[in-house]
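The following exercises concern the contact between two protein chains. Please study the sequence and the structure before reading the solutions.

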Protein chains: 2
Amino acid sequence: MSLVVVGSVAIDSIETPTGKREGLLGGACSYFSATASLYQPVAMVAVVGTDFPQEHVDFFASRKIDLSGLQRVPGRTFTWAARYAEDYGDAETLDTQLNVFADFHPTIPERLRGMPYLFLANINPGLQIEVLEQMNDPRLTALDSMNYWLLNERDLLEQAMSMVDVVTLNETEIKMYADNPNLLEAAQSILDLGPKALVVKRGEHGAMLITRGDSVGERFFVVPAYPQERVVDPTGAGDTFAAGFMGYLARTDDLSLGGLRRAVVHGSVVASFAVEDFSIDRLRGLSLDDIERRYAEFRLLTHFAPLCSEKQALLERPLDA
Amino acid sequence: MSLVVVGSVAIDSIETPTGKREGLLGGACSYFSATASLYQPVAMVAVVGTDFPQEHVDFFASRKIDLSGLQRVPGRTFTWAARYAEDYGDAETLDTQLNVFADFHPTIPERLRGMPYLFLANINPGLQIEVLEQMNDPRLTALDSMNYWLLNERDLLEQAMSMVDVVTLNETEIKMYADNPNLLEAAQSILDLGPKALVVKRGEHGAMLITRGDSVGERFFVVPAYPQERVVDPTGAGDTFAAGFMGYLARTDDLSLGGLRRAVVHGSVVASFAVEDFSIDRLRGLSLDDIERRYAEFRLLTHFAPLCSEKQALLERPLDA
């Protein structure tokens with residue numbers, strides 16, 4: 001089933017302990033579509049300036065990404081410059097030039113409005129709501145956001161979160177939203193807004209899926225990050241994660257609890273590839289076979305005992321049941 | 001199979017965001033023996049002063065803990081006072097009085113020297129070596145340590161680590177030992193000393209087991225911490241973890257890779273109980289049934305797909321194979 005992604009396309013300058021690179025393809029939409037297109041057909045809704053290099057458009061086209069929603073407008077493309085410290089923790093932003101992204105209003109082309117899977121990458125939640133209102137009853141919608149919108153557009157973000165099926169946020173953002181250091185309570189306050197599931201991104205500590213349910217083991221799913229021999233550039237890990245998550249769901253159309261858990265693992269798998277090189281470079285030559293092999297490694301590295309058939313059946317129920 | 005634990009018994013004063021308590025039973029040996037005695041018979045080798053309350057001796061006796069190695073000497077028992085901040089991270093030590101613990105030299109009674117499972121809690125690595133030299137070829141030995149010994153008795157600690165089967169350390173201590181921010185490389189430098197396995201304690205992020213092996217999924221096992229509704233006092237979580245780990249191994253005598261992984265999960269289970277109250281209080285009324293129930297929750301909260309039979313067989317090989 002096809003996917004639509006709405007968000008930023010950018011030109012990045014990145015410095016990490018392994019090196020410094022300029023003029024990189026960046027932005028959530030770039031990471032998302034480069035990854036999700038390995039799973040299913042993707043349409044990108046974004047904006048770039050007249051300076052946007054043709055080679056990147058050619059790459060998107062080579063992945064058969066639908067660019068009918070990619071606006072090309074006079075002016076310069078959004079640029080971002082950042083630096084990572086020795087621990088590869090949060091990026092220190094050195095410079096942001098919104099350029100044509102400042103006036104971006106996503107318009108969903110008529111032919112994309114009926115698409116079943118929609119991912120709203122991190123943009124102004126008011127724009128996320130505009131997109132949701134243009135779509136014709138998609139099967140699964142998800143959004144990402146960030147601390148800036150939590151602090152500056154809280155009401156709009158709450159409204160957007162109440163309209164989607166899945167919210168993805170960093171652990172610190174969830175605690176900040178709820179003003180509560182206990183992740184379980186903080187997560188519940190987001191589920192109380194309406195989404196069926198909350199995906200907690202925890203960086204080097206992996207990810208969690210939090211849903212409603214009767215027991216801790218049913219409500220929570222926790223998967224580690226892949227033990228990484230070498231990190232080159234963590235930029236886009238969260239967007240790549242979202243692409244593995246949404247791509248797997250669109251491909252399998254399995255919206256059971258077990259399906260969502262496997263989607264979270266796929267997100268972790270592709271994110272672990274993305275950080276192995278700058279920009280989307282590690283994703284360029286990646287295949288579904290590579291992804292399946294690392295998925296099998298995730299099965300082994302988290303396994304300690306089989307599940308009983310009763311609990312296995314619980315996981316395969318539709319999420320709404 | 002019976003267990004011997006060597007380490008500290010203390011009287012603690014603890015302040016956490018949930019409250020402040022004085023005169024608590026503390027020390028690694030107390031947490032370890034209160035927990036491991038739920039699994040198998042335990043013998044404690046430690047020292048207390050003449051002020052040590054009889055009620056604690058009575059508790060140990062009620063758990064049928066062998067106290068023939070518990071020295072009672074003139075003077076006051078080791079005391080420790082500490083405070084935890086809102087995030088329940090590392091304790092801030094407010095006061096330490098070693099008292100009778102300053103001159104502690106563990107002597108293993110003759111009848112305990114043939115016991116098959118030995119845990120060396122965090123004490124001077126020179127003393128850990130003295131204990132290892134007194135034992136008659138135990139089936140499995142493990143040690144814990146801390147940053148103080150890494151900084152001040154590095155040679156002795158390396159020697160001790162080279163003599164045991166399993167080393168347990170915090171993630172930050174492992175990186176500090178190797179002076180390397182990459183956990184995989186840092187862990188390898190400890191395995192290179194000789195132990196078969198390294199258990200990485202990661203606090204609220206759970207634990208890892210690192211062994212030798214051909215693939216990432218074989219070398220690494222990662223388990224999350226239990227999603228905790230309410231933490232009261234994190235003191236002793238690491239010692240309780242070690243007790244669940246060693247207690248499970250002693251009970252099952254299963255030294256396969258799968259056995260060690262299940263032991264790490266048992267460690268995580270009992271640690272998750274320990275932090276729910278001050279001192280060892282949550283462990284007093286705990287049963288193996290309670291432990292098994294939470295172990296089942298861990299199975300559910302980490303499960304996303306069954307393992308193929310070939311990989312399952314890999315886990316059940318003896319660790320040395």
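**Exercises on the interface**

**Exercise 1.** State how many salt bridges are counted between chain A and chain B, and examine one of them.

*Solution.* In this predicted model, the count between chain A and chain B is two salt bridges. One of them joins the side chains of E229(A) and R219(B), with a distance of 3.5 Å from N to O. This pair qualifies because the cut-off for a salt bridge is 4 Å.

**Exercise 2.** Determine which elements of chain A give two or more residues to the side that touches chain B.

*Solution.* The helices among these elements are α6 (171-178), α7 (183-191), α8 (216-219), α10 (257-274), α12 (288-302) and α13 (309-315) of chain A. The strand β13 (220-223) of chain A also belongs to the list. Of the elements, α12(A) gives the most, with seven residues. Sorted by class, this side of chain A has 20 nonpolar, eight polar and 14 charged residues.

**Exercise 3.** Describe the extent of the contact between chain A and chain B.

*Solution.* Chain A contributes 42 residues to the contact, and chain B contributes 42 residues. The area buried between the two chains is about 3900 Å², and carbon and sulfur atoms give 60% of it. L300(A), H303(A) and F304(A) supply 21% of the area that chain A buries against chain B, more than any other three residues.

**Exercise 4.** Identify what rotation superposes chain A on chain B.

*Solution.* The rotation is 180°, with 0.0 Å of shift along its axis and an RMSD of 0.0 Å. The chains are therefore related by a two-fold axis. The same surface serves both copies, as 98% of the contact residues of chain A recur in chain B.

Key
Residues are numbered from 1 along each chain as its sequence is written. Chains are lettered from A and ligands numbered from 1 in the order in which they are written. This is a predicted model: local features need pLDDT of at least 70, side-chain atom pairs count only at pLDDT 80 or more; totals for chains, interfaces and linings use all residues. Side-chain values use heavy atoms; hydrogens and water are left out. Contact means heavy atoms within 4.5 Å. Buried area is the accessible area (1.4 Å probe) that two parts lose on being put together, summed over both. Helices (H or I, at least four residues) and strands (E, at least two) are DSSP runs, numbered from the N terminus. Ala, Val, Leu, Ile, Met, Phe, Trp, Tyr, Cys and Pro count as nonpolar, Asp, Glu, Lys and Arg as charged, and the others, Gly among them, as polar. Copies are superposed by least squares on the C-alpha atoms of residues with pLDDT of at least 70 in both.
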